[in-house]
Amino acid sequence: VQLQASGGGLVQAGGSLRLSCAASGRTFSTYAMGWFRQAPGKEREFVAAIGWSGTTYYVDFVKGRFTISRDNARKMVYLQMNSLKFEDTAVYYCAAGASASAHEYEYAVWGQGTEVTVSS
């Protein structure tokens with residue numbers, strides 16, 4: 001599978017963005033998908049994941065604000081981000097792996113990243 005993330009941009013604090021991750025390959029529906037982010041000067045961190053069955057997981061600081069979803073027919077994964085904060089500014093990466101996890105090493109395939117900038 002190959003991944004292509006998009007949807008990033010500049011948004012004011014309190015606003016919303018929806019990130020998309022387009023996958024290629026015939027086995028997309030069997031992959032768990034995750035979103036990670038890397039802020040300037042910081043390590044990459046887990047944001048959200050969704051299993052092949054649709055079970056979702058979130059890091060605490062995005063719960064209630066971000067929603068991960070997938071459309072297996074379209075081979076797409078989405079990250080709806082609401083109530084954005086300045087500290088959400090980062091490059092966001094989608095990733096595919098065998099199981100939904102907060103750990104980067106569980107994901108074998110990574111997209112190129114899409115940049116989100118939240119102005120305060």
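Is Ser 83 buried, partly exposed or exposed? In this predicted model, Ser 83 is partly exposed, because its relative accessible area of 40% falls between the 20% and 50% limits.

**Stop 1: two loops with positive phi**

Select Ser 83 and locate the loop between strand 8 and strand 9 (90-97), where this residue is placed. Its phi is positive, at about 50°, although Ser 83 is not a glycine. Most residues other than glycine have a negative phi.

Next, select Lys 75, in the loop between strand 7 (66-71) and strand 8 (76-81). Here too a residue other than glycine has a positive phi, near 55°. Lys 75 counts as partly exposed, with 26% relative accessibility.

**Stop 2**

Move to Ser 53, which belongs to the loop between strand 5 (45-50) and strand 6 (56-58). With a relative accessible area of 52%, Ser 53 is exposed, because the limit for that class is over 50%. Display the side chains of Ser 53 and Thr 55 to see the polar contact of 3.4 Å that joins them. A distance drawn from the C-alpha of Ser 53 to that of Gly 34 spans 13 Å, for a separation of 19 residues in sequence.

**Stop 3: strand 3**

Select Leu 17, in strand 3 (residues 17-24). Leu 17 is buried, at 15% relative accessible area. Beyond its neighbours within four places in sequence, Leu 17 is in contact with residues including Gly 7, Gly 8, Gly 9, Val 11 and Val 116. Leu 79, Gln 80, Met 81 and Leu 84 are also among its contacts. By contrast, 21 Å separates the C-alpha atoms of Leu 17 and Ala 96, which are 79 residues apart along the chain.

**Stop 4: the largest nonpolar core**

In soluble globular proteins, nonpolar side chains tend to be buried together. Select Trp 35, Leu 79, Met 81 and Tyr 92, which touch the most other members of the 34-residue largest nonpolar core. Then centre the view on Tyr 92 and show its surroundings: residues up to four places away in sequence aside, Tyr 92 touches Leu 19, Trp 35, Phe 36, Arg 37, Val 47, Phe 66, Leu 79, Met 81, Gly 113, Thr 114 and Val 116.

**Stop 5: the largest pocket**

Finally, select the lining of the largest pocket: Arg 37, Ala 39, Pro 40, Lys 42, Glu 43, Glu 45, Phe 86, Glu 87, Thr 89 and Ala 90. The space in this pocket is about 170 Å³. Coloured by class, the lining shows 5 charged, 4 nonpolar and 1 polar residues. Arg 37 is one of these lining residues and is also touched by Tyr 92.

Definitions and conventions. Residues numbered from 1 in each chain as written. Predicted model: local features only at pLDDT ≥ 70, side-chain atom pairs only at ≥ 80, totals over all residues. Heavy atoms only, no water. 1 Å grid on protein atoms, 1.4 Å probe; cavity = no way out; pocket = protein on both sides within 12 Å on 5 of 7 lines; lining within 4 Å. Points joined across faces, edges and corners; volume = space filled by probe spheres on them. Nonpolar A, V, L, I, M, F, W, Y, C, P; charged D, E, K, R; others polar. Core = buried A, V, L, I, M, F, W, Y, C linked by side-chain atoms within 4.5 Å. Buried < 20%, exposed > 50% of the residue type's maximum accessible area, 1.4 Å probe, protein only. Contact = heavy atoms within 4.5 Å. Helix = DSSP H or I, 4+ residues; strand = E, 2+ residues; numbered from the N terminus. Polar contact = N/O pair within 3.5 Å; in protein donor to acceptor, adjacent residues only side chain to side chain.
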